[in-house]
Amino acid sequence: MLRCMKTLFRASKETIDRLFECNRVSGEVWNFCLALAKETHLKTGKWITKSE
């Protein structure tokens, strides 16, 4: 289970835009990893581990 804590902070528009861009990139990485995991499961019948 993942836990988080929301925190308010102030930042410039440029910083906020950069944070949103980083969030988009991390989403793309996550989706790519998920696609690889699904592809591996379809080929082998096993899910990949955290270390793989």
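The model is a predicted one, in which local features need pLDDT of at least 70 and side-chain atom pairs count only at pLDDT 80 or more, while totals for chains, interfaces and linings use all residues. Residues are numbered from 1 along each chain as its sequence is written, and side-chain values use heavy atoms, with hydrogens and water left out.

The helix α1 covers residues 13-44, where helices are DSSP runs of H or I with at least four residues, numbered from the N terminus. From its first C-alpha to its last, α1, with 32 residues, reaches 47 Å, which is close to the 46 Å expected at 1.5 Å a residue; the expected span is 1.5 Å times one less than the number of residues in the helix. After α1 comes G45, which has a positive phi near 80°.

M1 lies in the segment before α1, and between M1 and F20 there are 24 Å in space, C-alpha to C-alpha, for 19 residues of separation in sequence.

The table gives relative accessible areas, for which buried means under 20%, exposed over 50% and partly exposed in between, with a 1.4 Å probe and protein chains only.

| Residue | Relative accessible area | Class |
|---|---|---|
| M1 | 90% | exposed |
| C22 | 37% | partly exposed |
| C33 | 40% | partly exposed |

A search of the whole structure finds 0 disulfides, a disulfide being a pair of cysteine sulfur atoms within 2.5 Å. C22 is in no disulfide, because the sulfur of C33 is 17 Å from the closest cysteine sulfur, in C22, too far for a bond.

How values were computed:
Helices (H or I, at least four residues) and strands (E, at least two) are DSSP runs, numbered from the N terminus.
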